[in-house]
Amino acid sequence: MELEEPKGGRDMTALLPRLFGDMTDWLEVDFPRPVQAFRVEDRMTDEEYVLRAELPGMDPEKDVQITALNGVLTVEAERHEQDAGSGRSEFRYGMLHRSVRLPANADEAAITATYDKGILEIMVPLTAPEVAGRQIAITKK
């Protein structure tokens, strides 16, 4: 007994490679890259809060921006892709972003930053020690 090919069967098999070929074209589109984070470490003493960020290969004057607003320290950087010919690259390019909450007694106006050998170091002076709160007396009427 011979099986009959369903009507349009050959058309369907001819359509599949074309369909998947079109889908791969979609995947080759350059989608916007998401903002990426970078590694940081911090430490705090009675006098200062220090945040260190790993940002190798950056030009701190052109590629890095630091802001402090309402108790939040934000570091934004952009790594630019360089055309070095054909080959493979696993480097990450694009916008890098990291925000951290500052201690309540941070002196935002006196923040300083240095960049050396790929490490950005931000020093935040602290004012008087943080007050944990105070006890409120209740009076009876």
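Mentor: Start with pairing: two strands pair if DSSP finds at least two bridges between them. Keep in mind that this is a predicted model.

Trainee: How do you know that β1 and β2 pair?

Mentor: Set the count against the cut-off. At least two bridges are needed. β1 and β2 have 5 bridges, and the sense is antiparallel. So the two strands count as paired.

Trainee: What makes strands pair in general?

Mentor: Backbone hydrogen bonds link the strands of a sheet, in a parallel or an antiparallel way.

Trainee: Which strands form the open sheet, and in what order?

Mentor: There are 4 strands, in the order β1-β2-β7-β6, with antiparallel pairing. β1 and β6 (112-116) are the edge strands. From one strand to the next, the twist averages 15 degrees.

Trainee: What makes β1 and β6 edge strands?

Mentor: Each pairs on one side only.

Trainee: Where does the sheet sit in the whole chain?

Mentor: The protein chain has 2 helices and 7 strands. Read from the N terminus, the elements run α-β-β-α-β-β-β-β-β.

Trainee: Now charges. Why is the contact of R52 with E41 called a salt bridge?

Mentor: The rule asks for a side-chain nitrogen of Lys or Arg within 4 Å of a carboxyl oxygen of Asp or Glu. For R52 and E41, the closest N and O atoms are 2.7 Å apart. That is within 4 Å, so the pair qualifies. R52 is in strand β2 and E41 in strand β1, so the bridge ties together parts 11 residues apart in sequence.

Trainee: What other salt bridge does R52 form?

Mentor: R52 also bridges to E121, with the closest N and O atoms 3.6 Å apart. E121 belongs to strand β7 (residues 119-125) and R52 to β2, so this pair ties together parts 69 residues apart in sequence. Through shared partners, E41, R52 and E121 join into one network.

Trainee: How many salt bridges are there by this rule?

Mentor: The count is 3. One of them links E54 and R39, whose closest N and O atoms are 3.5 Å apart. E54 is in strand β2 (residues 48-54), while R39 is in the loop between α1 (9-27) and β1 (40-44). The two residues are 15 residues apart.

Trainee: Is R39 buried or exposed?

Mentor: Exposed means over 50% relative accessible area. R39 has 63%, so R39 is exposed.

Trainee: Why is E54 called partly exposed?

Mentor: The middle class lies between 20% and 50%. E54 has 38% relative accessibility, so E54 falls in that class.

Trainee: What about the residues of the network?

Mentor: R52 has a relative accessible area of 28%, so R52 is partly exposed. E41, at 46%, is partly exposed. E121, at 22%, also counts as partly exposed.

Trainee: How much of the protein chain is buried?

Mentor: Buried residues make up 21% of the 141 residues. The protein chain exposes about 12000 Å², and carbon and sulfur atoms supply 53% of that area.

Definitions and conventions. Residues numbered from 1 in each chain as written. Predicted model: local features only at pLDDT ≥ 70, side-chain atom pairs only at ≥ 80, totals over all residues. Heavy atoms only, no water. Buried < 20%, exposed > 50% of the residue type's maximum accessible area, 1.4 Å probe, protein only. Axes fitted to C-alpha atoms, helices over the stretch in contact; angles between N-to-C directions. Areas by Shrake-Rupley, 256 points an atom, 1.4 Å probe, with all protein chains shown as cover.
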